[in-house]
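Work through the exercises below with the sequence and the model open. Try each task before reading its solution.

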Number of protein chains: 2
Amino acid sequence: MATARAIGGPCQAWPAESAFIREVLDRIGDKWSVLVISTLDVGPLRYSDLQASIPGISQRMLTVTLKALERDGLLTRTAYPEVPPRVEYALTGLGRSLVGAVMTLANWAATHHEDVAASRRDHERTGVGRQKSARAV
Amino acid sequence: MATARAIGGPCQAWPAESAFIREVLDRIGDKWSVLVISTLDVGPLRYSDLQASIPGISQRMLTVTLKALERDGLLTRTAYPEVPPRVEYALTGLGRSLVGAVMTLANWAATHHEDVAASRRDHERTGVGRQKSARAV
DNA sequence: CAGGATCCTGGAGGATACTG
DNA sequence: CAGTATCCTCCAGGATCCTG
């Protein structure tokens, strides 16, 4: 696996990169962005299709999310001047590259979710009391 | 209503992985987890060192975050029964593997943040009016 | 159809004070 | 030192209604 050391020095480090990673995490960390871009990864869709493809999303959040993603250059909005209005959303190359990066995390999740689940079960069985103790030096 | 009706409805993507990826994103998407694990990636640290290494974190959030990460098996807590209490936190193998996965995103951020920034500038220059339009089919 | 404008609430998260 | 307990604020995000 690739070691993390690539980024600057120790803790205080992450000179400015921490800002970049936070931007990305703020975007994909929210409730809907990843669902939207992964849905669009299949192909362009219109507003109502997105809403139907993403159960539980409100119009407000769909609109807000789409605007944010468009603003960041991750997708494009194309309005067709027809009589029943039609608007299509499509990933940009940048957006697709982000989907690829997120897939790495998805793979991690798929590979290790059982470990995480096991750890959680262990910690809830043993309650709060379970702590690793060590002898004094 | 609509009780998060099982994934796999209209959306043909990501069968059940969407649940796993959400777990991961809920964890690393929050404000502090990534900072904590990346700080610990350098080596084990005690509570006060973590607090000092992560400017702006409150004791509450440090404690909450550490507990969550420990619960998920990403780090271990070791209390040394000494007179001034000493507690050390260290990443597990699982935790380190997650850091590696997150680094992929960090690299994406470092590579593409300029594109994103440019897109944002463009969208704020042109205001809301900037939209791609297309002729009717 | 594709949103915009409002109102409202839960819960993430900060500040502070206290304790084993 | 390493937390716990409490209070309080703020805003992400859902629900609802309106419009070009």
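This is a predicted model: local features need pLDDT of at least 70, side-chain atom pairs count only at pLDDT 80 or more; totals for chains, interfaces and linings use all residues.

Residues are numbered from 1 along each chain as its sequence is written, chains are lettered from A and ligands numbered from 1 in the order written, and side-chain values use heavy atoms, without hydrogens and water.

**Exercise 1.** Find how many residues surround DNA strand D, and sort them by class.

Solution. Step 1: take residues with a heavy atom within 4 Å of the strand. There are 18, and A:Arg60 and B:Tyr89 are among the closest. Step 2: sort them. The surface has 7 nonpolar, 4 polar and 7 charged residues; Gly counts as polar and Tyr as nonpolar.

**Exercise 2.** Identify residues that contact a phosphate oxygen of DNA strand D.

Solution. Step 1: look for polar contacts (N or O pairs within 3.5 Å). Step 2: check side chains. A polar side-chain atom of A:Lys31 lies 3.3 Å from a phosphate oxygen; for B:Lys67 the distance is 3.2 Å. Step 3: check the backbone. An N or O atom of B:Val87 lies 3.3 Å away from a phosphate oxygen.

**Exercise 3.** Is B:Arg86, the salt-bridge partner of B:Glu82, buried or exposed?

Solution. Step 1: apply the salt-bridge cut-off (Lys or Arg side-chain nitrogen within 4 Å of an Asp or Glu carboxyl oxygen). The closest N and O atoms of B:Glu82 and B:Arg86 are 2.9 Å apart. Step 2: compare accessibility (buried under 20% relative accessible area, exposed over 50%, partly exposed in between; 1.4 Å probe, protein chains only). B:Arg86 is buried at 15%. B:Glu82 is partly exposed at 24%.

Methods
A polar contact is a pair of N or O atoms within 3.5 Å; within protein, one must be able to donate a hydrogen and the other to accept it, and residues adjacent in sequence count only if both atoms are side-chain atoms.
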